[in-house]
Amino acid sequence: VERTVHIHEATMSRLDDFIAILNGTKTTPLEEEHPLDGILLSILIHAAFSDGIGVEEEFDLLLRMMPGRELGDVLSFVSEESQRPMNFNQILNTFSEPQARQSLVAAIEAMIASDNQIAPAENAFLQRMRSELGVD
């Protein structure tokens, strides 16, 4: 049980870091990488680019969430990651707690709203994630 608590706390802490960047309360880049970064970035990249368009605001947010990376690295990573299918089993296993799932949905909502407009494809992505995660 103690290990599960630590995993949950680490998950929530990193989600909080990402959400702080997404909602503008943290304007500086993250300082170091975290084991959850890969899956979080994958989800947010799929969310941001579900409309087929990448805008400056989205790239700026991703740059702040990827410690030590230059814009060129971020662009390459986004290009590669957006072509990979999402692993829903991994997502469900990683974000197994209801609070973590709710926070993940909040992060997705913030990412797709970062350009001040939510395209139909982005809304469809959000609704699919809500359904997959069991979040109303």
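Start by selecting Asn116: this residue is exposed, at 72% relative accessible area (exposed means over 50%, buried under 20% and partly exposed in between, with a 1.4 Å probe and protein chains only). Asn116 sits in the loop between helix H6 (98–112) and H7, and its phi is positive, about 65°, although Asn116 is not a glycine.

A word on what you have open: this is a predicted model, in which local features need pLDDT of at least 70, side-chain atom pairs count only at pLDDT 80 or more, and totals for chains, interfaces and linings use all residues. Residues are numbered from 1 along each chain as its sequence is written, and side-chain values use heavy atoms, leaving out hydrogens and water.

Next, select helix H2 (residues 37–48) and helix H7 (residues 120–133), whose axes come within 8 Å and cross at roughly 140°. Helices here are DSSP runs of H or I with at least four residues, numbered from the N terminus; axes are lines fitted to C-alpha atoms over the stretch in contact, with angles from 0 to 180 degrees between N-to-C directions. Show Ile43, His46, Ala47 and Ala48 of H2 with Glu122, Phe125 and Met129 of H7 to see the contact (heavy atoms within 4.5 Å).

Now turn to Ile91. Leaving aside neighbours within four places in sequence, Ile91 is in contact with Ile39, Ile43, Met86, Leu104, Met129 and Leu133. Together with Met65, Ile91 touches the most other members of the largest nonpolar core, which has 41 residues (buried Ala, Val, Leu, Ile, Met, Phe, Trp, Tyr and Cys joined through side-chain atoms within 4.5 Å). Finish on H2, which gives the most to this core, with eight residues.

Conventions: Helices (H or I, at least four residues) and strands (E, at least two) are DSSP runs, numbered from the N terminus.
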